[in-house]
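This report looks at a few local features of one protein chain. Please have the sequence and the structure at hand while reading.

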Amino acid sequence: MIRSKTFRIVLVLVFLGGATAIFWSYLSRASLRSDHSPGALLSSNITRQSTEFEYTELKGGQPLFRVQAGTSTLDSEGVHVLEDVNMFRYGFDREPEDQI
């Protein structure tokens with residue numbers, strides 16, 4: 001069976017199909033590449049910028065406060081700038097007591 005003509009043709013077609021799929025995947029990824037390096041998209045004084053920032057401070061496994069921000073920016077001097085900020089302070093019952 002391994003030496004039959006039909007088996008060899010099917011094997012060659014499977015090989016060609018796999019090679020075509022790999023080549024197509026490479027071409028589609030190569031076309032998505034941008035001419036910009038990731039560092040060139042930010043200004044020189046911005047180190048990192050992220051969206052949907054959230055931080056929760058815990059003490060003894062219970063949340064003390066939580067900060068949510070739409071945008072967080074870290075500059076080259078180590079200063080964090082948050083925009084669209086919501087802040088929650090938690091009580092002993094683990095429910096938010098205050099919101100800013």
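Two residues are in contact here when they have heavy atoms within 4.5 Å of each other. The structure is a predicted model, and every value below is computed from it.

**Arg66 and its surroundings**

Arg66 belongs to strand β2. Which residues does Arg66 contact, leaving aside its neighbours within four places in sequence? They are Glu54, Tyr55, Thr56, Asn86, Met87, Phe88 and Tyr90. With two of these residues, Arg66 has a further relation. It lies over the face of Phe88, at 4.5 Å from the ring centre. Its side chain also makes a polar contact with the side chain of Tyr90, at 3.3 Å.

Is Arg66 buried or exposed? The cut-off for buried is under 20% relative accessible area. Arg66 has 19% relative accessibility, so it counts as buried.

**The aromatic pair**

A search of the whole structure finds one aromatic pair. The ring centres of Tyr55 and Phe65 are 6.3 Å apart, and their planes stand at 55°, so the pair is tilted. The reason lies in the cut-offs: planes under 30 degrees apart count as stacked, over 60 as edge-to-face, and the rest as tilted. Tyr55 is in strand β1 and Phe65 is in strand β2, which spans residues 62-75. The two residues are ten residues apart, and the pair links distant parts of the chain.

**Two residues with positive phi**

Most residues other than glycine have a negative phi. Glu52 is not a glycine, yet its phi is positive, at about 55°. Asp84 is likewise not a glycine and has a positive phi of about 55°. Glu52 sits in strand β1, residues 46-59, while Asp84 sits in strand β3, residues 80-90.

How accessible are these two residues? Exposed means over 50% relative accessible area. Glu52 has 68%, so it is exposed. Asp84 has 65%, so it is exposed as well.

The table lists the accessibility values for the residues discussed.

| Residue | Relative accessible area | Class |
|---|---|---|
| Glu52 | 68% | exposed |
| Arg66 | 19% | buried |
| Asp84 | 65% | exposed |

Definitions and conventions. Residues numbered from 1 in each chain as written. Predicted model: local features only at pLDDT ≥ 70, side-chain atom pairs only at ≥ 80, totals over all residues. Heavy atoms only, no water. Helix = DSSP H or I, 4+ residues; strand = E, 2+ residues; numbered from the N terminus. Buried < 20%, exposed > 50% of the residue type's maximum accessible area, 1.4 Å probe, protein only. Phe/Tyr/Trp six-rings, centres within 6.5 Å; stacked < 30°, edge-to-face > 60°. Lys NZ or Arg CZ within 6 Å of the ring centre and 35° of its normal. Polar contact = N/O pair within 3.5 Å; in protein donor to acceptor, adjacent residues only side chain to side chain.
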